[in-house]
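Here's a walk through one protein model, written for someone who likes cut-offs spelled out. Have the viewer open and follow along.

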Amino acid sequence: MTSADIIDISKSTDKYNFHSHTQFCDGRVDMETMTLAAIEAGMTHWGFSPHSPIPFGSPCNMLESDVRNYLDEVARLKAVYGDRINLYASMEIDYLGDDWGASTSYFKELPLDYRISSVHFIPSGDGFVDVDGSFESFKGKMSRYFDDDIRHVVELFYRQSAAMVEAGGFDIIGHFDKIGHNASMFSPGIEDEPWYIALVDNLVDMIIDKRLVVEINTKAHESADRFFPSLRYWRRLIDAGVGIVVNSDAHYPDRVNLGRNAAIEHLKLFNSQSYPQSICR
């Protein structure tokens, strides 16, 4: 499946989700349970996207030894439920640098239907630190690894993101300003600071130039009243004709459509040119 196929699906129906997690990473249920929940919710297209294997221990990422089992399970579920829902095998591939990401040979050669690429880890010393977890975890890591220098952490995140976009090899960029959630709790108002906006604008420039498909991630809409990316960047993406898909990043079966309807309604307003500009700032 190409990026064009993904966009065609998103234009033909709202009943899709290309980002979900199950038992092979940090999802809370098995793939069959998630499939049945997606069918019950009326989904016609559903993508499994476990967090990819990475070259160090992580409780959130799938093991390389499980990849074959994962692909076999997608094939089994397609055979069982293929007359009721279109299922796809994907991964949310972590970018860790030139030697680990969607553009490296290991991931390019996997028989995936499409690839999501995201930044969850940033470099620190000789290793990497996950800055995508709960705020309590994030706050502890800020002290332990980064001397509470939030600007440094944000700059590292967007530097990794820009390098990921430059390397390519993926179809959808995942939650590209996700760092803003924890950063804004650590330092309220940080997302309104000119240097922060400039970092995101630079990444948006690259996304537009590379003609990437952008995910609007709705996972935090009900809990934190926000989307990734923030509403303030949607106008630029839409005006540039960037392909957009709305994904719930579901980890639980009762969240297969969480926040998606709200995002879709926002998109309709943007596309009708009637969106209140005060909300976009």
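## Ground rules

This is a predicted model, so take the thresholds into account: local features need pLDDT of at least 70, side-chain atom pairs count only at pLDDT 80 or more, and totals for chains, interfaces and linings use all residues. Residues are numbered from 1 along each chain as its sequence is written, and side-chain values use heavy atoms, with hydrogens and water left out.

Helices (H or I, at least four residues) and strands (E, at least two) are DSSP runs, numbered from the N terminus. Two strands pair if DSSP finds at least two bridges between them.

Let's start with the three-stranded sheet: it is open, has the order 1-2-3 and pairs in parallel. Strand 1 and strand 3 (86-89) are its edge strands, each pairing on one side only. Strand 1 runs parallel to strand 2 (residues 45-48), with two bridges joining them. Opposite Tyr16 you'll find His45 in strand 2.

There is also an open sheet of five parallel-paired strands, in the order 4-5-8-9-10. Strand 4 (92-94) and strand 10 (243-247) have a single partner strand each, so one side of each is left without a neighbour in the sheet. Inside the order, strand 8 (residues 172-173) and strand 9 run parallel and are joined by two bridges; Ile173 has Val214 in strand 9 as its bridge partner.

For antiparallel pairing, look at strand 6 (residues 121-124) and strand 7 (residues 127-130), which share four bridges. Phe121 is bridged to Asp130 in strand 7. The two strands form a hairpin with two residues between them, and Gly125 in the turn has a positive phi of about 60 degrees.

## Helix 2 on its sheet

Helix 2 lies across strand 2 and strand 3, at about 155 degrees to strand 2. (Axes are lines fitted to C-alpha atoms, for helices over the stretch in contact, and angles run from 0 to 180 degrees between N-to-C directions.) Its buried residues are Met31, Met34, Thr35, Ala37, Ala38 and Ile39, where buried means under 20% relative accessible area, exposed over 50%, and partly exposed in between (1.4 Å probe, protein chains only). The buried residues of helix 2 pack against strand 2, helix 3 (67-81) and strand 3.

Both ends of helix 2 have a detail to check. Just after the helix, Gly42 takes a positive phi of about 90 degrees.

## Helix 6 and its two partners

Helix 5 (residues 135-146) packs on helix 6 (residues 150-167) at about 100 degrees, the axes being 10 Å apart. That makes the two roughly perpendicular (under 35 degrees counts as roughly parallel, over 145 as roughly antiparallel, 65 to 115 as roughly perpendicular, the rest as oblique). Phe138, Met142 and Phe146 of helix 5 meet Ile150, His152, Val153 and Leu156 of helix 6, contact meaning heavy atoms within 4.5 Å. By class, the residues here are six nonpolar, one polar and no charged. (Ala, Val, Leu, Ile, Met, Phe, Trp, Tyr, Cys and Pro count as nonpolar, Asp, Glu, Lys and Arg as charged, and the others, Gly among them, as polar.)

How do helix 6 and helix 7 (residues 179-186) pack, and at what angle? They sit at about 175 degrees with axes 11 Å apart, which means roughly antiparallel. Ile150, Val153, Val154, Phe157 and Tyr158 of helix 6 touch Ile179, Ala183 and Phe186 of helix 7. That contact divides into eight nonpolar, no polar and no charged residues.

## Two loop residues

Is His21 buried or exposed? At 0% relative accessibility, His21 is buried, although it belongs to the loop between strand 1 (16-17) and helix 2 (31-40). Its side chain makes polar contacts with those of His19 at 3.0 Å and Glu92 at 3.2 Å. (A polar contact is a pair of N or O atoms within 3.5 Å; within protein, one must be able to donate a hydrogen and the other to accept it, and residues adjacent in sequence count only if both atoms are side-chain atoms.) Leaving aside neighbours within four places in sequence, His21 also contacts residues including Met34, His51, Asp249 and His251.

Lys219, in the loop between strand 9 (213-217) and helix 9 (221-224), is partly exposed at 34% relative accessibility. Not counting residues up to four places away in sequence, Lys219 touches Ser248, Asp249, His251 and Leu258. Lys219 and Asn257 are 38 residues apart in sequence and 9.2 Å apart in space, C-alpha to C-alpha.
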